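Subject: The structure, and some notes on it

Hello,

Here is the structure I promised to pass on. Please open it next to this email as you read.

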Amino acid sequence: MTIKVKDLVNEDATLIGRKAWSDEHIYELEKKGIFGKSWLFLGHESQIKNPGDFVQAYMCETPIILARGSDDKVYANINSCSHRGVPVCRADHGNAKRFVCPYHNWSFTVEGELATIPQERELQCKPDKSQLGLKPVPRLESWKGFYFGSFDENIESLDDYLGDMKFYLGAFIDRFEGGIEFVGAPHRWVIDANWKLPMENQLGDVNHGPFLHASIVTPEANQEIIDHGLSAVTTPGHGATFRMMPEDTHPGLVAWGMESPNVMMAPPEVHQYLFDTHEKAVERVGPVRANMKGLTYGVYPNLSFLWSNASFKVSHPRGPGKVEYWSWSVVPADAPENVKKTLRNNYATFFGPGGVLEQEDSEVWMQQFHGSNFDFADDRKYFYGLGLGEEKSHPDLPGMVDVTANEHYARGFFERWRDALQAVEEE
Amino acid sequence: MNQPVVTPELQHDIEQFYYREARMLDGRQYQQWMALLTQDIAYIIPSRVNTMVNNRDRGKEEMISVERELEGVDSDGCPIREEGIAIIMMRVERAFKMNSWSENPPARTRRMVGNVEVMEQDGDNLTIYSNFHMNYARPGSRNFLYSGQRRDKLKKIEGGYQIAHREIILDYGDIDYPTLGLFF
């Protein structure tokens, strides 16, 4: 029997049915209603600085090449030959003059146009190559160097889509005079979990920190979140958590990067760089955002940012019960080499495939999928009601704001999820 | 490079050292294992990426070399792990906590070490390459086989050896493992 979306999410999204996480039909609706109609993160300009530079990306399960063309413009095309569908690019990143399909050697420019068909030399009738390029992603826009694509021709501008999340993202990105850069190829690994749980985790779920991660996270760190932590929902589906530190906080406790154990062991010039950066923060991002000490961010539907360990992540679905999780370390572009190396390691030690905190996260994400996939418990929906209605507007911060224990970030996500799926349910 | 003189005794000693190490790790005797490491150890797992073939390298071994696939400590990329003794100790301490949920109950592991080769010898410092397979089993999950090469620098000490440097080249295509946060 086909599951109805209205039976999975109630009016105020305080109850979520288990099969929202595990049902095949629901997953098909997600592809159409969410991944077909949202802005999806593709890559960052620091990865494609020169003409011919490219990186691989995904929009849901569809492989994408994001590349800088010979005209210095950025292009996003589906990585699939127009002849038989074989991928024309196999490398994670690099610099190319042509993408060549291994099957019959059709070759494409970095911009995605079909350049040569070797077989046509022997034929009378020449195909119209201008109609046979790689399929471009219909919409491609960028904000502060972050490139997003959408399959929906009619989607609102990226600027509007991000809305007030720009305030929170900018609090990090604009801190650094030379901007930020993504480090190397993404770490990408497969987890037997549903794509939404990594996303929900980063949208605002700092509540699990003191418990799931109790083997590593210190009581002091948890107390700081209780004392100063806030959760903001700008538009339902987006979310940000952070600590709003009092104005007179010592720079060692508020400067970005300083809470890393790796930084504590680093040479003094690393500390100096971080303090110097912090000193300019008021000037660069204003007094409110200068004292923001971020935790986790989520951008609907599947991009997230972990401020404390400076990494961007994308949760790529591979069916209801599998996710290909991608993550990148992010560093200030103008930082000295030893600072960059210290900071990239602050990500990899704790997150990514070898990360000591990620170990616990992926464990429960896998277990949650089991919990969502068995039978005879569908009448016992998951409780999403913590802090219902307690969020309110804030004098200095955009969105609805409350303590981090309020699960409004997750209700917002599932309200948007429900509406997006219902819009395509009857098609 | 100093061509090593590999006597049967040396080969035997090194192999015994690795067997002992594997037994300690499989037996979860992590504190004893820590004594096999120098205080300034570097423990590294490079990220393994899919790269473009450089046209100039066509037909040469460089074109298909393993090194081209590695984003390690000195690369512009992001290694999967680059750790010193403090982070290793953090991982070890974690194993003894009840709330290390991904290891509760602990995984059952079995390491096979082979192809032990003395690559270089410089006084008391040895460069040793070895291969390993590790079976990793946890309740409620399928089993996983980790496979890789270890590039070690060992230091001769009174009565044995210590590991001063370990780089682990993992043979994954896609990372389809629950974690790479283990001791290889």
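First, the ground rules. This is a predicted model, in which local features need pLDDT of at least 70, side-chain atom pairs count only at pLDDT 80 or more, and totals for chains, interfaces and linings use all residues. Residues are numbered from 1 along each chain as its sequence is written, chains are lettered from A and ligands numbered from 1 in the order in which they are written, and side-chain values use heavy atoms, without hydrogens and water.

**The largest pocket**

A pocket here is an open set of points on a 1 Å grid over the protein atoms alone, where a 1.4 Å probe fits and protein lies on both sides within 12 Å along at least five of seven lines; lining residues have an atom within 4 Å of a point. The largest one holds about 1300 Å³ of space, a volume being the space filled by probe spheres set on the points, which are joined across faces, edges and corners. Its lining has 45 residues, with Phe54(A), His93(A), Gly94(A), Asn95(A) and Met52(B) nearest the centre. Strand 12 of chain A is the top contributor, with six residues (strands are DSSP runs of E, at least two residues, and helices runs of H or I, at least four, numbered from the N terminus). Because domain 1 (50–136) and domain 2 (159–425) of chain A both give residues to the lining, this pocket lies between them; the domain bounds come from an automatic or database domain assignment.

**The second largest pocket**

This one has about 1000 Å³ of space. Of its 44 lining residues, Val217(A), Thr218(A), Ala221(A), Glu259(A) and Leu357(A) lie nearest the centre. Here helix 3 of chain B gives the most, with six residues.

**Helix 10 of chain A**

Val285(A) sits in helix 10 (residues 281–290) of chain A. Its relative accessibility is 6%, so Val285(A) counts as buried (under 20% relative accessible area; over 50% is exposed and in between is partly exposed, with a 1.4 Å probe and protein chains only). Leaving out residues up to four places away in sequence, Val285(A) touches Gly170(A), Ala171(A), Asp174(A), Arg175(A) and Ala290(A), where contact means heavy atoms within 4.5 Å. Ala171(A) is 114 residues away from Val285(A) in sequence, yet their C-alpha atoms are 6.1 Å apart. The cover over the buried residues of helix 10 includes helix 3 (165–173) and helix 9 (268–279) of chain A.

Happy reading!
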